[in-house]
Amino acid sequence: MSLRLSTVILPYRRWHEGGRAAWTRAEQLGFHTAYTYDHLSWRTFRDGPWFGAVPTLAAAAATTDRLRLGTLVTSPNFRHPVTLAKELISLDDISGGRVTLGIGAGGTGFDATALGQDPWTPRERADRFAEFVPLLDRLLSEDSVSYEGDFYSAHEARNIPGCVQRPRLPFAVAATGPRGLRLAARHGQAWVTTGDPKLFENGTPEQSLQAIRGQAERLADICAEIGRDMTGLDKVLLTGFTPDRSAPLQSLDAFVDFAGRHAELGFTELVVHWPIPDSTFAADEKVFEQIAMEAPAQLR
């Protein structure tokens, strides 16, 4: 299988002041999927413009025809499975079945406290995630769901007519720990990683590759344990968070080398951030577009 190239477009621009143009350009450049972050605000963008993921994706769906769309990632930090399922079914319908749900356990950023609660511990996030994903799976697959859990409940929640994609839209589960990897193996159509965050500051690209290889091997072991065919599970790397940082976007050759090394680990999709000037995602737009147009052919 050839390595697919996708992008993530942060929702920091007004739709009519560059927001729409990025999504339409992403389709023109041939990206497989264009994702966006599902946060209430994010890191250095906290005090600037930031728009909601679901309305942004609905607008993108209305202005594109072929491009797949998705979140990278949605989390339980401020979402509830019942209301999220209704929004996702609507989004899948608007897009004609082009939506992928990237989903993760969430972190300790601004989303974790925006609703007035204290940040959850890693164990609490894992506990909620372990309940959130299976319930959302049911809500997107069944016409009516009732459920009573430790964290989430549903009482005769109706989701008719369901997703355009059957039995539901695909899940891309972001995970590195054992419980998250098990959720990816059981419920995911794809697994997402950003690498090992412990290596971001002082690690080397070689150490990062070894860490990611270890993650993939643990996922393979879990798949074997539960009888899941690993070949049916896509492997997605969200770039920009490994020790390489923005180096792969410096030139076409640099990117092809970076992508090839990860393709050897079994990755089927690489996601690059749409350039944002004066940010951690700054990149030469001409080089970025060259990579989008020419790299996929070199990675087949």
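**The loop and beyond**

Analyst: Pro 167 sits in the loop that runs between strand 6 and strand 7 (strands are DSSP E runs of at least two residues, helices H or I runs of at least four, both numbered from the N terminus). The model is predicted, so local features need pLDDT of at least 70 and side-chain atom pairs 80 or more, while totals for chains, interfaces and linings use all residues. Numbering starts from 1 along each chain as its sequence is written, and side-chain values use heavy atoms, without hydrogens or water.

Back to Pro 167: the peptide bond from Arg 166 to it is cis, with omega at about 5°. There's another cis bond to look at, joining Ile 160 and Pro 161, and here omega is about 20°. Pro 161 is likewise found in the loop between strand 6 (153-158) and strand 7 (171-174).

Take strand 8 and strand 9 (residues 234-238): they pair in the parallel sense over four bridges, and Thr 193 has Leu 237 of strand 9 as its bridge partner.

Angles run from 0 to 180 degrees between N-to-C directions of axes fitted to C-alpha atoms, for helices over the stretch in contact.

Helices also meet each other. Helix 4 (residues 122-141) and helix 5 (residues 178-187) have axes that come within 10 Å and cross at roughly 5°, which means they are roughly parallel (under 35 degrees). Helix 4 puts in residues including Phe 129, Val 133 and Asp 137, and helix 5 brings Arg 179, Leu 183 and His 187; contact is heavy atoms within 4.5 Å. That set splits into six nonpolar, one polar and four charged (nonpolar: Ala, Val, Leu, Ile, Met, Phe, Trp, Tyr, Cys, Pro; charged: Asp, Glu, Lys, Arg; polar: the others, Gly among them).

Helix 4 turns up again at the largest pocket, where it gives the most to the lining, with five residues. Helix 5, strand 3 (68-74), strand 8 (190-193) and helix 6 (205-226) are also among the elements that give two or more. By class, the lining has 20 nonpolar, 20 polar and eight charged residues.

Definitions and conventions. Angles under 35 degrees count as roughly parallel, over 145 as roughly antiparallel, 65 to 115 as roughly perpendicular and the rest as oblique. Two strands pair if DSSP finds at least two bridges between them.
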